[in-house]
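Please keep the sequence and the model in view while reading the points in turn.

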Amino acid sequence: MREENGARFFGAQALAPDFLKVGLSDSRMAYLLDHIPEMVFLKDIDGYYNYMNAAALACLGHEPDFIKGRRLTIYDMAPPDVARRIDEMDRRIMSTGEGLYEAEERVSKDGNVRWYSGTRIPIRNEDGDVVGLAGISREITSAKWQETLRRSHAALLEMIVHGQPLPIILDAIVTTVESLLDNLTGSILLVEHDRLRTGAAPSLPASYTSLIDGVEIGPMVGSCGTAAWRREAVYVSDTFQDPLWKDFVEIAMRHGLRSCWSTPIMGNGCVLLGTFALYSGTVREPSAIEKEIIDMATNIAGIAIDRRRAEERVHFMAHHDPLTGLSNRNLFWSQFSRAIHEAKREDRLVAITYIDLDNFKHINDHYGHAAGDEVLRSLAARITSCIRASDIAVRLGGDEFAIIFSNPRHNEEGILRRLESIRERAAEPIALENGSITVTCSSGTAFYPSDGETPEALLAKADAAMYEAKKNGRNGVRVFEPSYAAGI
């Protein structure tokens, strides 16, 4: 047995002669304590350590013989913030005489977070006076992280199940990760038309998020743009030096973002949904624990985004025509009613136009239904290209379409000009797999409030005007007139 181990143990025995008397020699006891994973220590009333086993010294980053022949306090052995916290806790125990049992403590150093569970009890002499402190502690980092991750995972999943809005869920994911880790700031970017848009960045400076919002996806576009491009994690330990950040280094310097680790968020079918990033103010790589938390965050974010997109697809399919992408008849009535309600409140014009292809049955019979579908898709696209964003194009069914003109800047002449443009565009050749085809359409228009005040009345009058256009040779534009009312 090494002399220093015996010397360290003799100090403890001199402090508390009845403590640790288990029928073994001093050197044998010291040997045993130095070979267990738990951390064991003894200190006197003044805070000087009389004994510390090898595991305790290693935890503080010291060799087994570090305290040999030396009177050391925790301030000589640990960083100031850690030392201050431990000294305050131990002095409180020795002053009150009340021990601390199975207490958990979180310790962070250089980005690495560790958890410990320990018991610290006062040592008393024969008169019952407190003369020191004994402690035993063990590392519970792995178990603690697993428990913490499980709880965080469950809480975030519960938000998804309960249908919380996606922005709230994404914010919760980022803030949860930030609470688990020290000195790291997170963000979630969402894919939108080959660019990345901010989905959540609650702790990043707004001046930074505004600059990166809409960043391109590419092979040399920082950490996030590159991670999305490669579809694999990109860990940049030094944004000031890494070539991936050459176009963003000034932004990183301005905001003190020294490292950035970004991971793609993948959905069902390996669809790229976005990226999850963590920023640090120091030059470093992520630890194993940090990578595990990043994996949890990207997994939950993928589930949340996938679910929201599925809900949006279901909602879209329920209210839109699958062939043309236009609003369908179900959505039309609510849109038309809302347009009339707003026009009534603001005392302005609304127009409804009914459009019908001429001789569409002949097209299906002669060219086939695939060609007929292409004609309908082409007409829908041409209608959309001729109207404003505030107008609404609808496929009512078959070859029947409608347009709701609700922009207050419209007047009858302006709407008629647009309808003439649609009629002319519709008559342009439509490319098919074997050649092309030319079609025409007829339209009828009614105006609120002069031609009616309900969606049903106005659509009926637009329909009557459309049939008048067909009776007069097709390929025409008509506005409802009272003389057409006999056909309603």
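This is a predicted model: local features need pLDDT of at least 70, side-chain atom pairs count only at pLDDT 80 or more; totals for chains, interfaces and linings use all residues.

1. An open sheet is built from six strands in the order E8-E7-E6-E11-E10-E9, with antiparallel pairing. Its edges are strand E8 (215-216) and strand E9 (234-236), each of which pairs on one side only.

2. Pairing of E6 with E7. Strand E6 (residues 184-192) pairs with strand E7 (residues 195-200) in the antiparallel sense, and five bridges connect them. Leu 190 has Arg 197 in E7 as its bridge partner.

3. The turn between E6 and E7. These strands form a hairpin with two residues between them. His 193 lies in the loop between E6 and E7. Its phi is near 55°, which is a positive value in a residue other than glycine.

4. Pairing of E7 with E8. E7 also pairs with E8 in the antiparallel sense, here over two bridges. Arg 195 has its bridge partner in E8, namely Glu 216.

5. Helix H8 (222-230) lies across E6, E7, E8, E9, strand E10 (259-266) and E11. The angle between H8 and E10 is about 35°.

6. A separate hairpin. Strand E1 (residues 39-44) and strand E2 (residues 49-52) are paired in the antiparallel sense over three bridges. Lys 43 has Tyr 49 in E2 as its bridge partner. E1 and E2 make a hairpin with four residues between them, and in the turn Gly 47 has a positive phi of about 90°.

7. The largest cavity. How many cavities of 30 Å³ or more are there? The count comes to three. The largest has a volume of about 100 Å³. Helix H7 (206-212) and helix H8 are the elements that give two or more residues to its lining, and H8 gives the most, with four residues. Among the lining residues are Leu 189, Tyr 208, Ile 212, Val 215, Trp 245, Phe 248 and Tyr 279. Gly 222, Ser 223, Cys 224 and Gly 225 also belong to the lining of this cavity. By residue class, the lining of the largest cavity holds nine nonpolar, three polar and no charged residues.

8. The second largest cavity. This cavity has a volume of about 50 Å³. H10 supplies the largest share, four residues. The residues that line the second largest cavity include Ile 160, Gly 163, Gln 164, Leu 166 and Ile 169, and also among them are Ala 304, Arg 307, Arg 308 and Glu 311. What is the division of this lining into nonpolar, polar and charged residues? The lining of the second largest cavity has four nonpolar, two polar and three charged residues, whereas the lining of the largest cavity has no charged residues.

9. The whole structure contains 26 salt bridges by the search applied. One of the salt bridges joins the side chains of Glu 104 and Lys 144, at 2.6 Å from N to O. Because Glu 104 lies in strand E3 (residues 100-109) and Lys 144 in helix H5 (residues 141-161), this pair ties together parts that are 40 residues apart in sequence. Side chains of opposite charge can pair when their charged atoms come close.

10. A cis peptide bond. Tyr 448 and Pro 449 are joined by a cis peptide bond, with omega about 10°. Pro 449 lies in the loop between strand E17 (441-448) and helix H15 (455-471).

Note on methods:
Residues are numbered from 1 along each chain as its sequence is written. Side-chain values use heavy atoms; hydrogens and water are left out. On a 1 Å grid over the protein atoms alone, a cavity is a set of points where a 1.4 Å probe fits but cannot get out, and a pocket is an open set with protein on both sides within 12 Å along at least five of seven lines; lining residues have an atom within 4 Å of a point. Grid points are joined across faces, edges and corners, and a volume is the space filled by probe spheres set on the points. Ala, Val, Leu, Ile, Met, Phe, Trp, Tyr, Cys and Pro count as nonpolar, Asp, Glu, Lys and Arg as charged, and the others, Gly among them, as polar. Two strands pair if DSSP finds at least two bridges between them. Contact means heavy atoms within 4.5 Å. Axes are lines fitted to C-alpha atoms, for helices over the stretch in contact, and angles run from 0 to 180 degrees between N-to-C directions. A salt bridge is a side-chain nitrogen of Lys or Arg within 4 Å of a carboxyl oxygen of Asp or Glu.
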